[in-house]
Amino acid sequence: MARRTLLAGGAGIVGLGALGLSAFGLSACGSATSRLVTPTSSAVEAAERARRHTGRTVTTRLTAAPGPIDLGGPVVDTWSFGTVPGPTIRTRAGDRLVVDLTNDLPAPTTVHWHGIALRNDMDGVPGMTQAPIAPAGSFRYDFTVPDPGTYFFHPHVGVQLDRGLYGVLVVEDPAEPGDHDQEWVVVLDDWVDGTGRTPDDVMSELLSGSGSTSGHMGGMGGYGPGGYGTSGDMTSPLLGGAGDIAYPHYLVNGRVPVSPVTLTGRPGQRVRMRVVNAAADTAFRLAVGGHQLSLTHADGFPVVPVTGDAVLLGMGERVDLVLTLGDGAFPLVAAAEGKHGHGLAVVRTAAGAAPSSTARTTELDGRVLTVADLAPATSAALPVRRVDRTHDLDLGGSMGGMGGMGGMGGSSSGYVWTINGRTFEHQQPLDVRQGERVRLRLRNATMMFHPMHVHGHTFAVVDAAGRPGARKDTVIVAPMRSVVVDLDATNPGQWMTHCHNAYHGEAGMMTTLSYRD
Ligand code: C2O
Ligand code: CU
């Protein structure tokens, strides 16, 4: 069983009452004069009651189960919600969402609602906000969905995210004019499960440093049919690093490039594309041949629209893009940033030959939009105010004697990723009080990029002038760089704050934004 499961979820038999304290090592850091705001505290209930409500309820069910999935050629044995991606759930902002989850997996699981500022006891973190859902067990997720936007859901146990267990949650905004003719949901993923290894196997290889997994880990090269990746050749000038794993497949909407999905429309139509990076270890650079992309929303929240040729997405990030369709058949390419390989879909408005599965498109090398290009729409801007509390998060790591990782004090060995020199097991939670403006300074002392994610909040990325900028819940911190984010502590509870590289998180790069009163 993977380490996080043991850490956070291994105590699955404990009741919720015990969850906030000794089971998490949080008590050691507490002071006598303040108490944890636990998922079951009245503040969580009060915050839920204060959420604006439509009176509408959306009800659905999800079953997590093992089974074969056809990726468009390769048929893999994996764990999924029945399809890959899983079903898209649609609600309106202010709706109540009720999801009955059945766990038919041979392992405990949960569902986390990534990016949603929901009530803490529905956040899906085993051992922190709920007990893990045991095999053959079930759980009802029931919460108000406050903000419109593009979100997704995935388990928060071990590296289950790197299986097929993910789906998109679209929260519609009834107030939005909807300046487009149709909408496509586009989900990007890196794939290994059922190709001879499971993500748990990959995690064990990384932890033991056995080397066949990663270019960084000893030069054995990648695995899989293509044998992608060899030591030192996984790097990206734009990101500074690449992931740790050379995957055999990269998917768009669950398909390998040789049999891509087709997204159809008519020439001249405006399409809103909701793009989710559901990968575990891969950033993607996405472009559509012959098209410009107008980025309108980042992590669900509106930005001042900005136009480019391509867009970079870290793991856990989402963008909404608007494009005006040309006449013909065009490749939608999701290049695995700094790695070899890409995902592909076909954008089609007319008859004609499909783009080849190896198509790269020149737009990928054009203007690539990143977080640096984003400014918040007026409606999404976090007001300027005094910062009440600042936390530094020094991102560190060690990869078994590889040079240049930094941050761990040198001699440690093995695959370990840390925040402030500590793995999650030994975390020092980030204390906050309800109502505070909180600043997090994310400082990356490693040669790897880390998409840092905070649960339950959408922070503002602080710009060069020190002002709160675009709203995000996940932000890439490039090697040896810092990103500063501000958030308003308005959602009481215990919230995971971690690297959205599933393997980094599992190897320790997680902590808790911890409300106390
Ligand atoms: Cu999608 Cu804790 O993350
Ligand atoms: Cu990371």
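Modeller: This is a predicted model, in which local features need pLDDT of at least 70, side-chain atom pairs count only at pLDDT 80 or more, and totals for chains, interfaces and linings use all residues. Residues are numbered from 1 along each chain as its sequence is written, chains are lettered from A and ligands numbered from 1 in the order in which they are written, and side-chain values use heavy atoms, with hydrogens and water left out.

Biologist: Which side chain meets Arg 119 in a salt bridge of 2.7 Å, N to O?

Modeller: A salt bridge here is a side-chain nitrogen of Lys or Arg within 4 Å of a carboxyl oxygen of Asp or Glu. Arg 119 is buried at 12% relative accessibility, where buried means under 20% relative accessible area, exposed over 50% and partly exposed in between (1.4 Å probe, protein chains only). The partner at 2.7 Å is Asp 121.

Biologist: How far apart in sequence are Glu 45 and Arg 119?

Modeller: The side chains of Glu 45 and Arg 119 meet in a salt bridge of 2.9 Å, N to O. Glu 45 lies in helix H3 and Arg 119 in the loop between S5 and S6, so the pair ties together parts of the chain whose separation is 74 residues. Helices (H or I, at least four residues) and strands (E, at least two) are DSSP runs, numbered from the N terminus.

Biologist: Is Lys 472 buried or exposed?

Modeller: Lys 472 meets Glu 317 in a salt bridge of 2.8 Å, N to O. The pair links distant parts of the chain, with Glu 317 in the loop between strand S16 and strand S17 and Lys 472 in strand S27. Glu 317 has 5% relative accessibility and counts as buried. At 3% relative accessibility, Lys 472 also counts as buried.

Biologist: Which residues coordinate the copper ion (ligand 2)?

Modeller: Donors are N, O and S atoms within 2.8 Å of the metal (3.2 Å for Na, K and Ca); water is not among the atoms, so sites may look incomplete. Along the chain, the donors of the copper ion follow the spacing H-x48-C-x4-H. At 2.0 to 2.1 Å, they are His 450 (ND1), Cys 499 (SG) and His 504 (ND1).

Biologist: In S28, what is the bridge partner of Pro 451?

Modeller: Strands S25 and S28 run antiparallel and are joined by four bridges; two strands pair if DSSP finds at least two bridges between them. Both faces of S28 are covered, with Thr 474 and Ile 476 buried on one side and Val 475 and Val 477 buried on the other. The partner of Pro 451 is Ile 476.

Biologist: Why do the buried residues of H4 line one face of the helix?

Modeller: The buried residues of H4 are Pro 199, Val 202, Met 203, Glu 205 and Leu 206. Taking the directions from the helix axis to the C-beta atoms, these residues line one face because they fall within an arc of 160 degrees.
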